[in-house]
Structures are given as C-alpha cells and as structure tokens.
Amino acid sequence: MKNLHRWMPTLLLVTGVGLLIPLGIRQVLRTPEDTRPIAGLMLGLYLTWMLVESRVTLRETRKPTAERDSATLELYAIARLATILLAVAFPTLELGPAPRALGLFCFIAGVSLRLTAIRTLGKAYSHRVRLPDASLLVTEGVYRKLRHPAYTGMLLAHVGYLLVFPAVVGIAVFALMFIPAVLLRIRHEERLLLGSFPGYAEYAASRKRLVPWVW
C-alpha cells in the first residue's frame, strides 16, 4: 500500500496524459474552424503544463508516506482529471472566438500564478499535504497577498480551459467535484497549519484564502 500511495500521483498523471492526447485531438478537430487554432493551442499548453509539473509529481515517489494527507490528493486529482477529460470527450457549447480567447488568457494567467506560487514555496511545496519545517513557512512573494495562490491559479486555469472547451458535463464536474475538492483540501491544510505553526493564525487573519477581499 505504501508503494501505491507513493506512486499514485504519477499513475494519475500518466493516465491523464494518456487519455487527454487522443480525446483532446478529436475535440480540436471537431471545433469550428474559426476557433480551432485556439483549441489546439489550449490543448498544447495544457499538456505542457502537465509536463512541467511532472517533475514535482515524480519527486513524490522519493518522499516519505504523507500520513496527514488523508487522501485529499486523490480526490483533488481525480476531480481535476474528470473535469479536463469530460470537457474534451463530449460536444461543447457554441462559443465564438472572443470568449475562447478570453479562456486562453485566463488559463495562461492561472498557470503563471500557480507556477510562481510553487517556485516561491520552493522546498516547502508538495503535491501531498505535509507539514514542512516551521522555518519553511512562506509568507513572501504572492503569499503576501493570498494564503493559497497555487489553488487560485489552478482554479483560474480551469475556468479558462472550460471557456475553450465548454462542455456542459465538464463544467458540471468542475462546479460539483473539483471546486469542493479544492475547498476541502484547503480546510484540511489550514487545520494542520493552525495547529502546528504559532505564527500562522496571525498571518491567516490578514490575508484571504483564494480571492483578494472576498475569501
């Protein structure tokens, strides 16, 4: 079981890439010609993003078992894969070039924010919920403005993805599974941080979780 726990992120990544390539290509080919370049670029960028984060995913195979993750990673990752795969597996709503281009912009902005947050965390970042050494608690960079900018970027990127591939099933899974999975993970992380880092309560009191001035 420990080996399965350690390799699960990699297995989910490989499964996602293996299914996204054929389903995505089919969806791009049936996209209207005037928006097909945007759809093709979206698919290419999404796969590139997965490849970039695969380095972090592979590092999980060398880390100790994350006893405190409580399988939140599996729930979060499965909801994410269901969102992106169902969005390209089913016919999409008819949207013109302008909203799809907006979606591409949101995606790029979201991924940029997420990668910046991961880079800011450095050694403290992990796909699974782990308590880093207290000295690694990061409150600088994008963490000055938000407590969970990596999740903000993740959600914004998928709003963009769904504007480019607006399948009703994908949108429903995003709203009913993916967003709740992210919120559950945030609550779980914060319970651990509040109970372990004396300074976290003060930090959290002055910053919103995902959206500035909102929540």
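A residue counts as buried when its relative accessible area is under 20%. In this predicted model, Arg-209 comes in at 15%, so it falls on the buried side of that cut-off. Arg-209 sits in the segment after α7 (200-205). Leaving out residues up to four places away in sequence, Arg-209 touches Leu-146, Arg-147, His-148, Thr-152, Ile-186, Arg-187, Glu-190 and Trp-215.

One of those contacts is also a salt bridge: the side chains of Glu-190 and Arg-209 meet at 2.9 Å, N to O. Glu-190 belongs to helix α6 (residues 168-196) and Arg-209 to the segment after α7, so the pair ties together parts that are 19 residues apart in sequence. Glu-190 is buried too, with a relative accessible area of 4%. Salt bridges with shared partners then link Arg-147, Glu-190 and Arg-209 into one network.

The count of salt bridges comes to four. Among them is the pair Glu-53 and Arg-114, whose side chains meet at 2.6 Å, N to O. Here Glu-53 lies in helix α2 (residues 36-59) and Arg-114 in helix α4, so this bridge ties together parts that are 61 residues apart in sequence. Glu-53 is buried at 6%, and Arg-114 is buried at 3%.

Next comes helix α3. Its 18 residues (72-89) reach 25 Å from the first C-alpha to the last, close to the 26 Å expected at 1.5 Å a residue. Of those 18 residues, 14 are buried, so α3 is largely enclosed by the rest of the structure. An unreviewed UniProt entry places a "transmembrane region" at residues 36-52, 73-90 and 155-183. In the model, residues 73-90 are 94% helix and 0% strand, with end C-alpha atoms 26 Å apart. Residues 155-183 are 90% helix and 0% strand, and their end C-alpha atoms are 11 Å apart.

Thr-92 is in the loop between α3 and α4 (97-121), and at 25% it counts as partly exposed. Apart from neighbours within four places in sequence, Thr-92 is in contact with Gln-27, Ala-87, Arg-100, Phe-165, Pro-166 and Ala-167. Thr-92 and Gly-160 are 68 residues apart in sequence and 14 Å apart in space, C-alpha to C-alpha.

Ile-21 is found in helix α1 (residues 2-29) and is partly exposed at 37%. An α-helix has 3.6 residues a turn, so residues three or four places apart point the same way.

Terms used: Residues numbered from 1 in each chain as written. Predicted model: local features only at pLDDT ≥ 70, side-chain atom pairs only at ≥ 80, totals over all residues. Heavy atoms only, no water. Helix = DSSP H or I, 4+ residues; strand = E, 2+ residues; numbered from the N terminus. Expected span 1.5 Å × (residues − 1). Buried < 20%, exposed > 50% of the residue type's maximum accessible area, 1.4 Å probe, protein only. UniProt positions renumbered as here; feature names shortened; annotations may be inferred. Contact = heavy atoms within 4.5 Å.
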